[in-house]
Amino acid sequence: MRARHIAAAAAAALTLAALTAPAAVSATAPAACGENDLTLRAEPSDDSDGVIRLSVRNDSGRACTVDVAPTVTYGDLDGAAQPRPATKSGTYELAAHATAYAAVRSLAATDTDSGGQPPTVPSLRVAASPDQSGRGFQAMTLGAPTGIQVWEPVTTPWMASPAQAEQVIEEQTAGWFQA
């Protein structure tokens, strides 16, 4: 009888421990994408003035993760474009050979309120994760032959389609303009 009570107590303790313990990380969870496994692209939008389309493709044969939103920096300016809508830190999973899309807008209408000219830079840099160096793109190739004006830049998180990313950037920057 005593052995049965001990066995029942042990089983109850194991059940309780399983319910209250944090979930174990799956051994099959994708690792972070290596920078050499990614192809980053940036190009001016055909549909939205002042918007740059971004994409990241996983060239490896396995799923991997990138940061939830691209890291977009401008020339020698401090800081990066802020994700809109605001996102918590996290990851975006890219299947093998899959592509994710984002959009970035670099100039807000509020620059006219400041009374000054926004800074202009000759290039921007896009990285799939903040710990990666990313790839640089010249303003000329992004439809800005005299440089990219930067004031309150924002970017979308990575998304499944370029149309979805452009729709989100348009919604998030209603009232903005590109000079």
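1. Basis. The model is predicted: local features need pLDDT of at least 70, side-chain atom pairs count only at pLDDT 80 or more, and totals for chains, interfaces and linings use all residues. Numbering starts from 1 along each chain as its sequence is written, and side-chain values use heavy atoms, without hydrogens and water.

2. Sheet. Five strands make an open sheet with mixed pairing, ordered β1-β2-β7-β12-β5. Its edges are β1 (38-44) and β5 (82-83), each pairing on one side only. Strands are DSSP runs of E, at least two residues, numbered from the N terminus. Pairing requires at least two DSSP bridges between two strands.

3. β1 and β2. Strand β2 (residues 51-58) pairs with β1 in the antiparallel sense, over seven bridges. L40 sits opposite V56 in β2.

4. Salt bridges. There are six in the structure (a side-chain nitrogen of Lys or Arg within 4 Å of a carboxyl oxygen of Asp or Glu). One joins R53 and E43, with the closest N and O atoms 3.8 Å apart. This pair links distant parts of the chain: R53 is in strand β2, E43 in strand β1, 10 residues apart.

5. Second largest pocket. Its space is about 160 Å³. A pocket is an open set of points on a 1 Å grid over the protein atoms alone, where a 1.4 Å probe fits, with protein on both sides within 12 Å along at least five of seven lines; lining residues have an atom within 4 Å of a point. The volume is the space filled by probe spheres set on the points, which are joined across faces, edges and corners. The lining includes D67, P70, Q82 and K88.

Definitions and conventions:
Helix = DSSP H or I, 4+ residues; strand = E, 2+ residues; numbered from the N terminus.
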